[in-house]
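Subject: Structure for you to look at

Hello,

I am passing on the structure we talked about, and below it I have written out what was found, so that you can follow each point in the viewer as you read.

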Amino acid sequence: SDGAVTNEADAKTVRRDLEKAGYIVPITIIRHFFADLEDDAIGGVPDLGIYWQKIENEALREFVGLAADQTGVRVSRVVLGSSASGVLEEDDILTGIDGTAIACDGSVPLRENDRIHFTHLVSRCQVGDTIGVEVLRRGKLEKLTVKLAPYVGLVPPPRPDRHPSYFIHAGLVFTQLTHEYRQSWEWAKKHYRYKYAQYDQFPSEHRTQVVLVHQVLAHEINVGYHQVNGAIVEKINGVRIGEMTDVVRAIATPSGKFHVIETDYHGPRSESSNYHSAYGTRIVIDASRSEHATKEILAQHGIPHDRSPDLR
């Protein structure tokens, strides 16, 4: 049809325009990258590891104890395991970094008439560097030192040099939810539990990683669970699972005759599945047969190890 011809012509025009497109990478980013590579490892861009609030409202200024000649932003959360963890505290007023004052809107001077987000003072450094921070804590000004680390999240950001962490037992393939995992499948990109974990949850004392049953390698020992995939693991044999090492530790101690894996999983929402009862949230495996079954499954699939190097 004429419409199809027009759409095809438009698409060709767009492709030609894209071929002419150019992209500019700021020289500061290029310099940062090459400096990062000097130790033959990719450290990435450091992150302070805080959430913060502007202090532009006069009542809020008075409430947090800012004098008329003082400026800064309120620390509303410190992420566990981050650069600021153990140094900054919730309700600290971050007033400066390395002697540069932070305005109440979170900006710092860049050039004579330009201002920029205060996180620029952190991101221009390298992972492992130290910076000085000035805070107003319970009415008292303090100078502290922060050693910079990469961004910390319940779902780790992209890391091209990272290999997947995995553990296989009785055909259950356990792995960690990462940015790369989410980007590998369309269904994972749209998974609302994964999105919530990545964007709305934080590492805690009980959970620093999201552990999944990625898939089940079929064997008679795991009949009935073959369709389980991408299930978030909550407990194994009564042990709360907060990271991959917990899986290995929990499997070493069965719950009586069984391995009991509790998950946050009810199967996919689709017209072809019974959402409320199809898969359930509990996997029970005969513990006395699981070691032998694991060896058979690994041999059948040509897998040399039951776990990744980080778990050996």
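How many helices and how many strands does the secondary structure of the chain come to? Please keep in mind that this is a predicted model; in it, the secondary structure comes to nine helices and 17 strands. The chain has 312 residues, of which 38% are buried, and it exposes about 18,600 Å², with carbon and sulfur atoms supplying 52% of that area. If you take the contacts between residues at least 6 apart in sequence, 59% of them join residues at least 24 apart.

Strand E17, residues 282–286, has a covered face with Ile283 and Ile285, whereas Arg282, Val284 and Asp286 are on its uncovered face. This can be read alongside a general rule, namely that in a regular strand the side chains alternate between the two faces of the sheet.

The aromatic rings deserve a separate look, as a search of the whole structure finds eight aromatic pairs. In one of them, the rings of Tyr181 and Tyr194 have their centres 6.2 Å apart and their planes at 75°, and because planes over 60 degrees apart count as edge-to-face, this pair is edge-to-face. The pair links distant parts of the chain, with Tyr181 in helix H5 (residues 179–184) and Tyr194 in helix H7 (residues 192–199), 13 residues apart. Are these two residues buried or exposed? Buried means under 20% relative accessible area, so Tyr181, at 7%, counts as buried, and Tyr194, at 0%, is buried as well. Ring pairs also link Tyr181 and Tyr194 with Trp185 and Trp187 into a cluster.

Finally, please look at Arg77, which lies over the face of Phe202, at 3.9 Å from the ring centre.

Best wishes

Terms used: Residues are numbered from 1 along each chain as its sequence is written. This is a predicted model: local features need pLDDT of at least 70, side-chain atom pairs count only at pLDDT 80 or more; totals for chains, interfaces and linings use all residues. Side-chain values use heavy atoms; hydrogens and water are left out. Rings of Phe, Tyr and Trp (its six-membered ring) pair if their centres lie within 6.5 Å; planes under 30 degrees apart count as stacked, over 60 as edge-to-face and the rest as tilted. Helices (H or I, at least four residues) and strands (E, at least two) are DSSP runs, numbered from the N terminus. Buried means under 20% relative accessible area, exposed over 50%, partly exposed in between (1.4 Å probe, protein chains only). A charge sits over a ring if NZ of Lys or CZ of Arg is within 6 Å of the ring centre and within 35 degrees of the ring normal. Contact means heavy atoms within 4.5 Å. Accessible areas come from the Shrake-Rupley method with a 1.4 Å probe; for residues, only the protein chains shown count as cover.
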